Amino acid sequence: MSEDFKIEIVNPEKSFLSREDVIEVVLPAFEGEMGILKDHISIISFLKPGIITVYSKSGEEKFFVEDGIVEFKNNNLSVLTSSIFNLKDVNKDKIQNLIKITEDETNKSSISDQAKFLADQKIQVLRSIN
Amino acid sequence: MASLDDLKKRIASVKSTQKITKAMKMVAAAKLRRAQESAEKGRPYSEKMNNIILNLSSGISDKENAPKLLSGSGNDKVHLCVVMTSDRGLCGGFNSNIIKKAKSYFAKIAEEGKDLKIITVGSKGNDQLKRAYGDKIIANISFKESKHANYFDAEKVGKMVIEKFSAEEFDVCTIFYNQFKNVITQIPQAQQIIPLNVENLEEDKSEDSYEFEPDEDEILSNLLPKNISTQIFKAMLENSASEQGSRMSAMDNATRNAGEMVDKLTIEYNRSRQAAITKELIEIISGAESL
């Protein structure tokens, strides 16, 4: 029996990624990292800023997401996110830029605790890939 | 009767108008293809979002404590209408169809004695509504700078709507837009987004239960604001495809009409030229005969 399942990552503008030969996906879920294998129980969860790693037969791919919702059902994994990019496609300048914007945001006094937590998380992740 | 020179000038002017409408049609056709493509590409996102929400809300046990975006504020007094139109004219009945639909809804609300608030998206809608409903318009948003409908803009509108909802400025929110069916047909739509109409979303209702992390309530309360932005974004995409489609068929008609007009004017021009020649000939002949 094959060990692979389907993944679809969509953002509001288009279907970002669609693979049928995925073996494992590691998601930055809200309450910690979560690895999904075939025949996982149906689950709905949130994403926090982090890296999605997709291990498929054709290799390994990494994506940075800021937020999102995941749904896993009948061996179909759907990831809905409004901001995602492939780590291969970005250069350091862009990441630096993102870090700077986020840092400015955390320094605002009006920011809520939860938003601050998420922004800190984002900075941490961005630093780690830089 | 107009002189030969006048006719000539008119033919030239109609011809140049025809050239313009033809060019506009071509531009609209090119833009339509792109708009249609992005409308189709955007569909999976909103469909998936709907599905998840449907699954979630059917799993919620006590409706009383459900998030307000889903269950409503309990009242039905103030209606907020988001009327989405284009920023540019010359697109046939596109804007007037939305306005007509919106106005009939406004009349219904007024009849029921409820309060009305309006947000217009796109400057054309604002122009048409401000005369009759100027005092009801609380905000006007236009995205003249952005070339394509993008999610960032939709989120701005969504955030504004949610902010006003949390401030209890309204109870029910409806968005008006044109749904793109094909190039000749666009259907004006009124879609209620707050409170969310779960009964309308009946798609594949699945029996299996989900595991939630964190719990349902928290997911729902995070998801619903996103859903509003998504619905608005979907409406924006449909709208931009409809606008281009509508413009294309309007310009096609205009080009054809201009062609007909040129034909008619040319016939008239030839006739009066012939008449002038005949008249001159008669003058010469009768002059020769009188000698």
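This is a predicted model: local features need pLDDT of at least 70, side-chain atom pairs count only at pLDDT 80 or more; totals for chains, interfaces and linings use all residues.
Strands here, like helices, are DSSP runs numbered from the N terminus (E, at least two residues, for strands; H or I, at least four, for helices).

Residues are numbered from 1 along each chain as its sequence is written, and chains are lettered from A and ligands numbered from 1 in the order in which they are written.

The strands behind that opening pair are strand 4 of chain A and strand 6 (residues 211-213) of chain B, which pair in the parallel sense over three bridges. Two strands are said to pair if DSSP finds at least two bridges between them.

How many residues does each chain bring to the contact? Chain A gives 20 residues and chain B gives 21 residues, where contact means that the C-beta atoms, placed from the backbone, lie within 7 Å. On the side of chain A, two or more residues come from each of strand 2 (15-29), strand 4 (43-47), strand 7 (68-73) and strand 8 (76-80). Strand 4 of chain A supplies the largest share, four residues. By class, this side of chain A has 10 nonpolar, six polar and four charged residues; Ala, Val, Leu, Ile, Met, Phe, Trp, Tyr, Cys and Pro count as nonpolar, Asp, Glu, Lys and Arg as charged, and the others, Gly among them, as polar.

I turn now to strand 1 (residues 5-10) of chain A. Strand 1 pairs with strand 2 of chain A in the antiparallel sense over five bridges, and the two form a hairpin with four residues between them. Within this pairing, Phe5(A) stands opposite Val22(A). Five bridges also join strand 1 to strand 8 of chain A, and these two run parallel; here Lys6(A) stands opposite Asn76(A).

Finally, chain B. Helix 6 (residues 216-289) of chain B has 74 residues and reaches 107 Å from its first C-alpha to its last, close to the 110 Å expected, the expected span being 1.5 Å times one less than the number of residues. Where does helix 6 of chain B bend? The bend, of about 25°, is at Leu223(B), and Pro225(B) follows within four residues; the angle is taken between axes fitted to the seven residues ending there and the seven starting there.

Note on methods:
Two residues are in contact if their C-beta atoms, placed from the backbone, lie within 7 Å.
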